[in-house]
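User: Hi! I'd like to go through this structure with you, one piece at a time. Ready when you are.

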Amino acid sequence: MNARRLRAGAVAFALGLSLVAGAQEGGHTDGQPGPAMPPIELSDAARSRLEAPYLSDDEKRDLRLYHGVWTEGDLDTPARRAQAALLLGLVDHPVFDEEGVNPIDRAEALLGLGDPASAIEAVEGLSQIRAIRVRAEALATLGKYDEADAAVEPVVDRMIRSRLESASEISEGVRALMLRTRIRGSQGAGGGDFRQLLQILSKARDELDRLSWEVRLAEAELLYDKHNSQEARAAALETLRLNPRCARAWRVLGEISVDGFNFDLAGKVADQLDAMSAPAGVLNRPRSFSPDAGLIRSRARLRQRDPDGAEQALDDILLEMPDHREALALQAASAAVAFRYVSVDRALERYEVLSPGTPDALYQVGRALAEARQYREGAKYLEQAIERQPTWSAPLIELGLLEVQSGRDERARQWLSQAARLDPFNIRAANSLKLVTDLQQFETVQSEHFTVRYKPGVDALLAGEMLPVLERIHQRVAGAERGGLDHEPGQKTLIELMPNHAWFSVRITGMPEVHTMAASTGPVIAMEAPREGKGQTAGQYDWARVVQHEYTHTVSLSRTNNRIPHWFTEAVSVFMEDAPRDERTWGLLLGAFQAGELFDLEEINLAFIRPKKPTDRGQAYAQGHWMYQFIVDRWGADAPLRLMDRYAAGEREASAFETVLGVDSAAFLEQFTAWARQDLIDHGLLLPEGVPSVTAMLDADRALSSDADAQKKIKPDADFVDRWLEKHPNHPDLLRLRLAQLRAQAPSDTELILIDPLEAYAAARPIAEEPHRLLARIYLGSDDHATRLGAIEHLEFLDAREQRSAAYAIELARLYASASEWDLASAKSERATTIAPFDADVRELAARIAIKSGRLGDAERHILALTQIEPDRELHTRRLEAVRGMMSKR
């Protein structure tokens with residue numbers, strides 16, 4: 001086989017799959033694909049080995065098989081077919097029943113099928129390290145940990161006391177020692193220390209066989225076990241460059257992708273595994289599927305809060321392999337996330353019969369519930385898993401992270417400290433333990449319903465300012481007025497003001513790679529400080545609006561016992577922001593409506609968790625809010641609350657809608673679509689029935705002439721626009737055309753002649769932002785004070801929709817101050833400091849307005865902030881003393 005054919009074979013089996021370069025944890029939380037790297041190819045060194053002229057034909061066959069680039073003719077014996085099937089993950093293939101198959105391969109397949117007892121029988125009397133490892137894994141699967149531990153002892157002796165000459169044997173020995181580490185804990189593993197295992201593998205790679213994919217795979221699995229995803233990914237990719245058909249390496253990549261919320265890549269990996277599971281020729285079988293692919297999809301859908309999809313992904317596995325342990329554990333976890341606890345109990349009972357005393361299924365259930373924010377129930381199952389195997393660090397880490405997200409940091413520290421003692425090189429445990437330990441150095445301020453925790457230093461100034469704003473947010477969100485949720489959480493909400501993005505992301509996930517500015521875990525809301533600078537990714541933002549959104553999550557989750565459809569909790573949170581929809585979002589909704597692509601109640605949840613297009617998640621947020629508005633408008637402000645109560649009782653969404661709203665899902669969508677059409681008309685985005693479009697007007701004019709040349713000359717010019725505006729004076733598209741024509745003729749966009757057409761267009765299309773920007777610019781360009789004040793209403797329109805810049809609020813504060821409207825000036829200057837609390841110029845303006853308006857307490861607060869923002873400016877200290885002097889005289 002020449003080099004070109006080898007390269008083509010490797011690429012073919014990679015199916016051109018482009019893996020995501022640097023797909024870090026949390027790097028693609030929107031589910032969209034990230035940047036791609038080149039397809040995987042068999043390495044040049046491996047190709048050179050296969051082309052060595054001194055090899056016999058049999059040796060070439062064995063090497064092609066070893067490196068995953070075999071041809072049909074290479075699979076000429078049952079042993080070789082079984083070896084190929086095992087590489088592909090086809091553990092249910094009938095070839096394992098044939099004579100001549102390596103008994104260890106047969107045992108591996110039996111273990112993969114979920115038959116550990118038969119696997120033990122298959123390797124009875126065999127002394128190879130791989131046979132010992134398979135036997136030990138089978139014993140552990142049966143809950144016989146002492147026997148499994150004892151079974152590994154010969155491996156320890158041989159690896160420590162004798163020199164192994166085979167890279168394959170060494171990789172198998174490391175896998176056996178990893179099992180012992182789980183049984184005993186890292187400290188008591190006796191040769192299973194993480195660093196020692198890496199050194200053993202490194203030596204095997206560098207001194208024994210640089211082309212051993214088994215060594216690279218053992219490295220990948222060891223690193224993944226320690227949550228070192230970056231290096232595990234690199235090792236898995238190197239494995240595939242030495243064997244592109246290695247299903248276990250693809251599985252590692254899939255699991256890393258799921259952990260990092262990169263569901264697009266996880267899906268591609270699962271597709272690759274499925275494709276590999278359906279080979280042509282002698283390995284073909286009537287019904288092909290990949291167990292690894294199903295497990296990846298199931299875990300991904302669990303993380304996406306799609307328990308039905310998670311369970312469905314396991315159907316093929318459990319149909320063909322009813323005792324498959326991982327599938328059974330994930331089946332129990334799926335039932336738990338769907339709140340079907342009777343089914344959970346049945347699944348756990350079945351698992352207990354198969355693997356008595358083992359913690360794996362309990363761990364999967366507890367982990368899934370923790371990710372679904374079912375903290376109390378999740379803790380119960382994780383504690384049971386820990387009780388069954390106290391030396392296994394995984395449930396300890398998950399329980400510690402659960403407590404972190406619950407805001408119970410002392411309990412989190414206890415669990416994570418225990419995990420770190422057992423597993424000192426686990427990155428996830430170390431990061432989280434460092435977080436909760438460092439948080440002990442943070443300070444707090446409190447109000448009736450909130451505790452704000454912050455790092456000592458400049459963040460103290462914002463933390464103190466937050467409390468009165470937070471209490472106003474509580475009154476709005478938890479109150480009963482204007483669509484409030486009429487519910488108070490049972491505990492104070494902890495707001496954690498993280499000094500930079502690294503702190504924030506570790507607080508939320510335990511890994512420093514999440515990209516957002518604030519997030520609610522229920523009892524805890526973490527937010528990145530709203531400032532510019534090194535280590536800051538959020539920049540300046542309207543933290544009050546963001547926290548009002550997140551606190552609505554806290555209250556809605558509390559009211560529903562965390563049992564609320566994904567779209568519904570986002571919809572109510574956007575609704576409670578009390579901010580108008582911006583023009584970009586209106587455009588997204590209009591496009592979906594006109595294309596007939598509005599989501600139904602099932603599709604909208606999937607759009608959050610498995611978006612098909614880049615716009616799906618944005619549309620899901622916007623349409624969810626729109627549907628929530630429709631519910632309030634049609635059924636009243638208490639209708640969403642009654643739905644929440646049904647969700648809290650465990651009722652599914654379709655049933656709750658029929659009970660509370662009296663409509664099924666199809667009728668709801670039909671009625672909502674009709675309401676949405678009228679809403680688009682009211683906002684100037686669709687034309688009322690009977691009002692022609694500009695295109696229809698052109699067609700009507702052209703129909704009046706039989707001359708083809710004359711028809712071509714009819715265009716939407718000024719005469720056309722004026723004539724049709726006489727019939728339809730409020731037509732938004734005609735008014736926009738007229739405005740464009742006048743702007744083209746005017747010397748600049750600040751000409752007073754544009755005021756009337758701009759105001760006419762703004763009235764006809766009340767969501768349009770451009771006319772307000774232009775009108776504000778025109779009015780602000782005037783030298784006449786009264787005329788300049790005309791910009792106020794347009795700046796207010798723009799400021800209500802602005803979340804990232806204080807510019808509009810600053811200009812409004814100045815205009816109100818110039819008109820001696822001190823209350824309004826003060827309100828706008830305070831809004832500016834909310835968006836940019838660490839901006840010295842904004843604080844200067846706020847302090848001046850506070851002094852002018854007689855609010856000396858506010859002036860003192862802003863000048864005190866300036867002393868911390870710019871501590872080297874003595875002027876601020878003198879001003880602070882002066883203001884305090886004025887206050888004392890009062």
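Predicted model: local features only at pLDDT ≥ 70, side-chain atom pairs only at ≥ 80, totals over all residues.

User: Which residues is Ser-290 in contact with, leaving aside its neighbours within four places in sequence?
Analyst: Ser-290 is in contact with Leu-273, Asp-274 and Ser-277, where contact means heavy atoms within 4.5 Å. Residues are numbered from 1 along each chain as its sequence is written, and side-chain values use heavy atoms, with hydrogens and water left out.

User: Thanks! Where is Ser-290 found?
Analyst: Ser-290 is in the loop between helix H14 (263–276) and helix H15 (291–303). Helices here are DSSP runs of H or I with at least four residues, strands are E runs of at least two, and both are numbered from the N terminus.

User: And is Ser-290 buried or exposed?
Analyst: Buried, with a relative accessible area of 4%. Buried means under 20% relative accessible area, exposed means over 50%, and partly exposed is in between, using a 1.4 Å probe and protein chains only.

User: Let's zoom out. How many helices and strands does the protein chain have?
Analyst: The protein chain has 47 helices and five strands. Its C-alpha trace spans about 100 × 85 × 60 Å along the principal axes, and 55% of its 890 residues count as buried.

User: What about contacts between residues at least 24 apart?
Analyst: Taking contacts between residues at least 6 apart in sequence, 62% join residues at least 24 apart.

User: How many positive and negative side chains are there?
Analyst: There are 108 positive and 137 negative side chains, and the centres of the two sets lie 3 Å apart. Lys and Arg count as positive and Asp and Glu as negative, without His or the chain ends; each charge is placed at NZ of Lys, CZ of Arg, CG of Asp or CD of Glu.

User: Now the inside. How many residues are in the largest nonpolar core?
Analyst: The largest nonpolar core has 140 residues, and those with the most contacts inside it are Trp-70, Trp-250, Val-344, Leu-348, Val-365 and Tyr-381. Helix H18 (residues 325–337) gives this core its largest share, nine residues. Another core, of 76 residues, lies apart from it and includes Val-469, Ile-495, Leu-589 and Ile-767. A nonpolar core is a set of buried Ala, Val, Leu, Ile, Met, Phe, Trp, Tyr and Cys residues joined through side-chain atoms within 4.5 Å.

User: Which loop holds Asn-561?
Analyst: Asn-561 lies between helix H27 (543–559) and helix H28 (566–575). Asn-561 is not a glycine, yet has a positive phi of about 55 degrees, and is partly exposed at a relative accessible area of 45%.

User: What covers the buried residues of H32?
Analyst: The cover includes H27, H28, helix H31 (616–635) and helix H33 (653–660). In helix H32 (residues 639–648), seven of the ten residues are buried, among them Leu-641, Met-644 and Tyr-647.

User: Last one: which backbone nitrogen does the side chain of Thr-239 reach?
Analyst: The side chain of Thr-239 reaches the backbone nitrogen of Leu-217 at 3.2 Å. Thr-239 is in helix H12 (residues 229–242) and is buried, with a relative accessible area of 0%.

Definitions and conventions: Polar contact = N/O pair within 3.5 Å; in protein donor to acceptor, adjacent residues only side chain to side chain.
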